Amino acid sequence: MHTNVKLDRNIEVAVLTVSDTRNYETDKGGQLIQTLLKDENINIKRENYQIVKDDQEAIHSQLQTWLQQKNIDVIITTGGTGIAQRDVTIEVVRPLLDKEIEGFGELFRYLSYTEDVGTRSLLSRAVAGTHDEALIFALPGSTGAIKLAINKLIKPELNHLIHELTK
């Protein structure tokens, strides 16, 4: 049963773009996440938006920095979730998860398949889960995938997820 939970505080979000080619001017994915999450109870501070190379150490270092802060409720990564040799985001994120939210990846691929991408959706390794009292979502880098994940899965359930994780 879906509950319309309204938190009595702001949600602190961090956004990490994983890319060998993007910078802050050309990063459409990271910018789109911030635009889609503009909401009265969601904060994304300037220092909580970073771009790192497609490198396991760089990704892990930034995620660890945010996870140690304890005030960040949600980390959303974009990029590095495919099957190419350089795609290593999932290999970094999965070991950090205390509990994987399998339904996120399953629903993401199902919606991708039915709404837009078709059989290419099987290439997506999008994943979500918890680390202590934080949520981590690893999204593909395409703007279509970001819109689908934020609008159809993350935003509708974000308050509920945080409520369940922190109660």
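**Helix packing and salt bridges**

Reply: Start with two helices. H4 (residues 102-117) packs on H5 (residues 143-166) at an angle of about 120 degrees, and their axes are 10 Å apart. Keep in mind that this is a predicted model.

Me: Which word describes how H4 lies to H5?
Reply: Oblique. Angles from 65 to 115 degrees count as roughly perpendicular and those over 145 as roughly antiparallel.

Me: Is the crossing of H4 and H5 left-handed or right-handed?
Reply: Right-handed.

Me: Which residues make the contact?
Reply: From H4, they are Phe 104, Leu 107, Phe 108, Leu 111, Ser 112 and Glu 115. H5 brings Ala 145, Leu 148, Ala 149, Lys 152, Leu 153 and Ile 154.

Me: What about classes, how many of each?
Reply: The H4 contact with H5 has 9 nonpolar residues, 1 polar and 2 charged.

Me: Switching topic. How many salt bridges are there in the whole structure?
Reply: A search finds 8. One of them joins Lys 45 and Glu 12, with the closest N and O atoms 3.9 Å apart.

Me: Where do those two sit in the chain?
Reply: In distant parts, 33 residues apart. Lys 45 is in the loop between strand S2 (42-43) and strand S3 (49-52). Glu 12 is in strand S1 (residues 11-18).

Me: Is Glu 12 buried or exposed?
Reply: Buried, because its relative accessibility is 13% and the cut-off is under 20%. Lys 45 is partly exposed, at 35%.

Me: Next pair. What does Asp 132 bridge to?
Reply: Lys 70, and the closest N and O atoms are 3.0 Å apart. This pair also links distant parts of the chain, 62 residues apart. Asp 132 is in the loop between strand S6 (127-131) and strand S7 (134-139). Lys 70 is in the loop between helix H2 (56-69) and strand S4 (74-78).

Me: And is Lys 70 buried or exposed?
Reply: Exposed, at 59% relative accessibility. Asp 132 is partly exposed, at 43%.

Me: One more. What about Arg 125, which residue is its partner?
Reply: Glu 91, with the closest N and O atoms 2.6 Å apart. Arg 125 is in the loop between H4 and S6. Glu 91 is in helix H3 (residues 89-96), 34 residues apart from Arg 125.

Me: What are their relative accessible areas?
Reply: Arg 125 has 22% and is partly exposed. Glu 91 has 37% and is partly exposed.

Key: Residues are numbered from 1 along each chain as its sequence is written. This is a predicted model: local features need pLDDT of at least 70, side-chain atom pairs count only at pLDDT 80 or more; totals for chains, interfaces and linings use all residues. Side-chain values use heavy atoms; hydrogens and water are left out. Axes are lines fitted to C-alpha atoms, for helices over the stretch in contact, and angles run from 0 to 180 degrees between N-to-C directions. Helices (H or I, at least four residues) and strands (E, at least two) are DSSP runs, numbered from the N terminus. Angles under 35 degrees count as roughly parallel, over 145 as roughly antiparallel, 65 to 115 as roughly perpendicular and the rest as oblique. A crossing is left-handed if the near helix is turned anticlockwise from the far one by less than a right angle, and right-handed if clockwise. Contact means heavy atoms within 4.5 Å. Ala, Val, Leu, Ile, Met, Phe, Trp, Tyr, Cys and Pro count as nonpolar, Asp, Glu, Lys and Arg as charged, and the others, Gly among them, as polar. A salt bridge is a side-chain nitrogen of Lys or Arg within 4 Å of a carboxyl oxygen of Asp or Glu. Buried means under 20% relative accessible area, exposed over 50%, partly exposed in between (1.4 Å probe, protein chains only).
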